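I opened my notebook beside the viewer today and worked through this one piece by piece. Here is what I looked up, in the order I went.

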Amino acid sequence: MGPAPRCERAAPGSSGHGGAPRPACAMDLSVGYVARGRTLVTRRMMAQPDSDLEEDALKKDLKFYFMNPCEKYRARRQIPWKLGLQILKIVMVTTQLILFGLSNQLVVSFKEENTIAFKHLFLKGYSGVDEDDYSCSVYTQQDVYDSIFFAINQYCQLKNISLGTLGYEQDEDDVSGLQICKQQYKKDTMLPSNDTLNIDIAIETDCIHLEPQMLATKRSGDLKMVNSSFFNFEFYRLIQIEISFQLKGIDLQTIHARELPDCYAFQNTITFNNRAHSGKVKIYFDSDADIQECKDWHISGSIQKNSQYILVFDGFVIVSCFASLILCTRSIILALKLQKRFVYFFLEKYKRHVCHADRLEFINGWYVLVIISDVMTIIGSIMKMEIKAKNLTSYDVCSILLGTSTLFVWVGVIRYLGYFQTYNVLILTMQASLPKVLRFCCCAGMIYLGYTFCGWIVLGPYHEKFEDLNTVAECLFSLVNGDDMFATFAQIQQKSTLVWLFSRLYLYSFISLFIYMILSLFIALITDSYDTIKKYQQNGFPVTDLHEFLKECSSTDYSKEPQASMPFICCCRRQGSDDNLILIN
């Protein structure tokens, strides 16, 4: 508080209300109060229009954000760059995938055909069809020796008997040959007739290296005599024998596709597995192919090098995806800023927080999907260019990246179909049913896993479809879909009556439970969501705070010029009744 005002007597002749004289300071105070009141009123009058302008601007921005590309063009004549870029990207990414698929198909076929040729060349008595997960099997000691020396002789005569463009692996000036290794227990004494066993589980490994020059001068009998200590196998303690060798090959079929040929290095391994000591030795053949750059090549003739044009096209794909990535990232950032504005305004004006559903309206999941697709396409395109330049051989990783990105690109087309009420039903039904379906699958999955473990442990020894957990899960899933039912029932071995009866109870209960109950409930959940969406489209969707806030803004406020004509890209005019369907954007 300041000092009290000092009131002085007024000059003669001045009088206050009712003719009574009043001090001069009283008049000064009244004038000050009046002036101050007028200032406050003026400030309030000025603040009110500012708040209204801010609210109108926010409504217009929100309304514009939830418009589709055609409506945005009609409102502000904003060209739908993202829409045009996505259409262009669909064409380019699909074309790129087709070109890579055709090239990858040649690589896969060359690898598979060489693997089949190697099995016929190096495996004695190979029938052309693998036995289970191994190629073939032998049952006598002589068959083991014959199979080993057959592979050695075939390797020695490879250039004379092979139909392919194969050669021996060379390491600088030396030619790498064939390596044979055997693994066996360090000490083993078994007398099955007396049920006695004396074994040292320590494993010892012994290897020999055979060069092609040495093999060419010696026959198999001489080779066995020279290395008699190695080839004298004690089968009662032998674990496995492994024959490994490398071969070179050239794929000439790429020349017909007007591309440079590929050079391959094949790492081949023949394994004689005797771990079970059951009287049956399983023979495995594994071939790993590595694509390498041809060191010295000269191609004569008029072969056009299409690789350069494909590399340029891949560069355009990367540029288009990078532009799409920037535009979608920018849209998400602007959406988050708009969300922040709306939340702050709603809190200031209505003194309450915006609900979680309204906040999620600003997060466009389609943009996130496009960003993921663009990143995968860019990485896959770079890998594809390196593969085309013979610097990389990761065909599988590149295929996964390009295939998944193309899948996401085509799934993103649903977003634009969702602008029409006829097509929007599918998307809205998937959105509404997804949470309930996931919860239902979690509950049904527990029952499914229970049947999987039970079938594996009980029926595994008696049925080939129940030998491992992965096969059991696939078998049960096929039964749910009604596939291969009779074969599953018929292939059970009737060695144990108790297990056979249990298998009937197991299969009948699983099929009845999952097909007649769980699968029906699963379909009912989706049908219920579909019916709900149809009712919403007829009677109106539930109105949230965001939708109620947007109703006060009219889309005609955006028109800056007469709408005389529309380009062909914006011919998708929607009915006025569809303007409130802003759940999918």
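Before naming any element I noted the rule: helices (H or I, at least four residues) and strands (E, at least two) are DSSP runs, numbered from the N terminus. I am looking at a predicted model, in which local features need pLDDT of at least 70 and side-chain atom pairs count only at pLDDT 80 or more, while totals for chains, interfaces and linings use all residues. Residues are numbered from 1 along each chain as its sequence is written, and side-chain values use heavy atoms, with hydrogens and water left out.

**Entry 1: overview**

I found 19 helices and 9 strands in the protein. Next I checked burial, where buried means under 20% relative accessible area, exposed over 50%, and partly exposed in between (1.4 Å probe, protein chains only). Buried residues make up 37% of the 585 residues. I then turned to contacts, meaning heavy atoms within 4.5 Å. Among contacts with a separation of 6 or more, 72% join residues 24 or more positions apart.

**Entry 2: two loop residues with positive phi**

As a reminder to myself, most residues other than glycine have a negative phi. D484 sits in the loop between α16 (469-480) and α17 (485-490). Its phi is positive, about 60°, although D484 is not a glycine. At 43% relative accessibility, D484 is partly exposed.

H277 gave me a second case, with a positive phi of about 50° although it is not a glycine either. I located H277 in the loop between β8 (262-273) and β9 (281-292). H277 is partly exposed, with a relative accessible area of 32%.

Is D251 buried or exposed? It is buried, because its relative accessible area is 2%. D251 belongs to strand β7 (residues 238-251). Not counting residues up to four places away in sequence, D251 touches L106, F110, P261, D262 and Y264.

D200 is in strand β6 (residues 196-210). With a relative accessible area of 32%, D200 counts as partly exposed. Leaving aside neighbours within four places in sequence, I saw D200 in contact with Y185, K186 and K187.

**Entry 3: helix pairs**

For helix packing, axes are lines fitted to C-alpha atoms, for helices over the stretch in contact, and angles run from 0 to 180 degrees between N-to-C directions. Helix α12 (residues 365-388) packs with helix α13 (residues 395-411) at an angle of about 150°, with the axes 8 Å apart. The crossing of α12 and α13 is left-handed, a term for the near helix being turned anticlockwise from the far one by less than a right angle (clockwise would be right-handed). On the α12 side the contact includes W366, L369 and I372, and on the α13 side it includes Y395, V397 and C398. I sorted residues by class: Ala, Val, Leu, Ile, Met, Phe, Trp, Tyr, Cys and Pro count as nonpolar, Asp, Glu, Lys and Arg as charged, and the others, Gly among them, as polar. The contact of α12 with α13 has 16 nonpolar, 6 polar and 1 charged residues.

The axes of α3 and α10 come within 10 Å and cross at roughly 145°. This crossing of α3 and α10 is left-handed too. W81, K82 and L85 are among the α3 residues in the contact, and F313, D314 and F316 among those from α10. By class, this contact has 11 nonpolar, 6 polar and 3 charged residues.

On a 1 Å grid over the protein atoms alone, a cavity is a set of points where a 1.4 Å probe fits but cannot get out, and a pocket is an open set with protein on both sides within 12 Å along at least five of seven lines; lining residues have an atom within 4 Å of a point. Grid points are joined across faces, edges and corners, and a volume is the space filled by probe spheres set on the points.

The second largest pocket has a volume of about 680 Å³. Of its 28 lining residues, F64, K72, Q78, K82 and S331 are the closest to the centre. Which element gives the largest share of this lining? It is α10, with 8 residues. The lining of this pocket has 15 nonpolar, 5 polar and 8 charged residues.

I counted 2 cavities of 30 Å³ or more. The second largest cavity has a volume of about 30 Å³. V144, F235, L238, I241, F272, N274 and V281 line it, giving 6 nonpolar, 1 polar and no charged residues.
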